[in-house]
Amino acid sequence: MNLRSPEPGVGLGYWLGQVATLAACTAAAWWCCAGGAPLAASAWHWFTALSGPAGDARGWGQVLVRGVHALPKGAQADPLWAVQGLQVGITALDLYAAIALALRLVGLWAAVPTALLLLVWPAARQGVDAVSAESLLTLGSLFAAHATLCWNTRPRAAAVLLGLGTVILALAHPLGLMWAPGVALAALVLPVAQDPSEVDSTQPRPDMPVGDRFLPWLAAMGLAAGLLLLALRPNTLGSWGTSQFAALRHSGEPPDLGVLAGLPLVGPLWVVLGQWPLVVAVLATTTLLRGLFALRKTRLGGVAGVAVVGWLAIGVARFPLADHLDATVALAPMAAVLAGIGAGQRARDLAWLGRQPAAAVWLAAALIWLTADLWAQAKHDRRSLLARAASLPAHVDATQAVRLTAEDLALLQAHAEPTAVLPARAGGADLATSLRHLLPRMGAQTFGAAHAARVVLLPEPPRSTIDRVLAEHGKKLACSQSGRLCAYRIAARSPQ
């Protein structure tokens with residue numbers, strides 16, 4: 001039996017493997033979101049839109065509002081529960097798309113390290129398991145990456161995947177206005193030939209196979225335009241675009257991150273790479289460069305193009321990013337895929353050459369360094385060991401967005417006073433304020449800057465200068481169950 005599949009000669013076993021992978025990813029997503037999916041500051045507009053008709057609904061927020069209104073009356077009473085339930089599905093799709101991409105390019109050699117990185121690297125896991133713009137940017141990028149691999153074998157599937165990926169990127173965040181068109185262009189022009197024999201050398205530019213995929217690409221763009229207009233109604237494309245550009249123009253004052261971080265284009269990427277484990281940064285970068293500069297010899301061309309568009313969008317936008325997007329988290333899942341591919345290819349090549357001891361030593365060294373970096377990042381300092389040695393500014397916290405779990409929300413609800421939520425990070429006041437009307441016990445609370453608050457929510461232990469000063473001059477009231485965050489009363493600011 002040979003069911004229709006992406007590659008000739010692949011039958012029922014292929015599809016059974018895909019079903020098993022999807023089931024495992026769904027189980028992992030359920031585990032990641034146990035107790036409720038975390039809520040990220042990049043989604044604060046969505047929660048505002050869900051709080052009532054006066055909410056500022058735009059982009060993905062409009063889609064969520066319509067989806068919640070289509071649910072039974074009982075489910076509509078708790079829209080936050082519905083959104084967190086939807087996130088389980090998005091997380092499962094993110095995990096499945098990432099693992100399937102690595103599996104298709106290299107096989108189990110790459111799928112295993114990709115899955116490992118997605119689950120144990122906090123930034124990559126936050127990029128898929130939280131209700132956030134970052135998880136949607138990941139999903140759209142992965143869909144587009146898959147589309148680049150099946151232009152010739154399954155053009156209709158490629159058109160659908162690229163169309164869905166483009167519209168998801170555009171709706172997810174204001175930065176999608178730069179991200180989505182770049183991804184669509186990369187999918188059109190970057191070759192994906194496995195070796196030179198697959199390239200039609202009779203063409204004047206065999207390295208630009210646009211003619212072979214123009215019709216399915218045009219269908220993808222038509223599908224994306226139709227879905228975008230459907231998602232935005234009754235608003236127009238013009239009004240939505242105006243609001244997106246306005247958000248990009250008014251993203252706030254740039255943080256002081258040092259001379260290197262202030263360089264155009266290169267600076268933001270330096271800050272992002274400094275928050276990745278060294279092993280991930282090296283493997284992802286080398287895989288990306290191989291995909292871009294060995295186009296005639298590798299299938300990584302389209303996938304690398306999709307990944308580099310995200311890097312360029314972050315670099316052009318600079319800090320702070322609009323709507324509290326966390327650049328490190330937004331790029332981490334694709335980096336995990338590229339790093340998993342790089343690790344898998346290296347280990348496979350050494351093993352096939354009969355150098356099993358060398359492969360074992362290489363993998364052991366990579367795991368040891370990765371473990372050291374992840375252990376160092378466990379105390380709220382996301383910089384890698386090398387970045388600390390290279391003097392990446394310690395207050396890189398300003399580029400990190402607030403993320404609240406169920407136990408963090410319980411801690412907030414226990415202290416009904418003016419509160420500052422993680423003041424050293426981006427978006428705490430906006431996120432907590434947008435959740436007030438979705439959580440009845442928080443309805444009377446106010447959230448803002450630390451100078452106007454009585455209670456402040458800080459990471460435990462406090463690490464940044466702002467957090468340490470507030471903790472030293474405050475009184476610890478309570479901590480969350482895991483001890484991740486603690487509430488402090490600011491000195492001389494007792495309840496009236």
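Helices here are DSSP runs of H or I with at least four residues, strands are runs of E with at least two, and both are numbered from the N terminus. This is a predicted model, in which local features need pLDDT of at least 70 and side-chain atom pairs count only at pLDDT 80 or more, while totals for chains, interfaces and linings use all residues. Residues are numbered from 1 along each chain as its sequence is written, and side-chain values use heavy atoms, with hydrogens and water left out.

**View 1. Leu142, a buried residue of helix α8.** Let us start with a single side chain. Leu142 is found in α8 and is buried, at a relative accessible area of 1% (buried means under 20%, exposed over 50% and partly exposed in between, with a 1.4 Å probe and protein chains only). Leaving out residues up to four places away in sequence, Leu142 touches Asp94, Ala97, Ala98, Leu101, Met334 and Val337 (contact means heavy atoms within 4.5 Å). Pro333 is 191 residues away from Leu142 in sequence, yet their C-alpha atoms are 9.3 Å apart in space.

**View 2. Helix α8 crossing helix α5.** The axes of α5 and α8 (residues 133-147) come within 9 Å and cross at roughly 35°. Axes are lines fitted to C-alpha atoms, for helices over the stretch in contact, and angles run from 0 to 180 degrees between N-to-C directions. This crossing of α5 and α8 is left-handed (the near helix is turned anticlockwise from the far one by less than a right angle; clockwise would be right-handed). On the α5 side, the contact includes Asp94, Ala97, Ala98 and Leu101; on the α8 side, Leu142 is one of the residues, with Leu139 and Ala145 also among them. By class, the α5 and α8 contact has 10 nonpolar, 4 polar and 1 charged residues. Ala, Val, Leu, Ile, Met, Phe, Trp, Tyr, Cys and Pro count as nonpolar, Asp, Glu, Lys and Arg as charged, and the others, Gly among them, as polar.

**View 3. Helix α8 crossing helix α16.** Here the axes of α8 and α16 (residues 327-352) come within 8 Å, crossing at roughly 35°. The crossing of α8 and α16 is right-handed. Glu134, Leu137, Thr138, Ser141 and Leu142 of α8 meet Val329, Ala330, Pro333, Met334 and Val337 of α16. These residues divide into 7 nonpolar, 2 polar and 1 charged.

**View 4. The buried side of helix α20.** In α20 (residues 428-435), the buried residues are Gly428, Leu431, Ala432, Ser434 and Leu435. They lie on the same side of α20 because they cover an arc of only 160° around the axis, taken from the directions from the helix axis to the C-beta atoms. Their packing partners include α5 (79-105), α2 (44-50) and α19 (406-413), as well as the strand β3 (419-421).

View 5. Is Arg425 buried or exposed? Arg425 is buried, with a relative accessible area of 17%. Beyond its neighbours within four places in sequence, Arg425 is in contact with His380, Asp397, Gln400 and Val402.

**View 6. Leu367, a partly exposed residue of helix α17.** Leu367 lies in α17 (residues 356-376). Its relative accessibility is 46%, so Leu367 counts as partly exposed.
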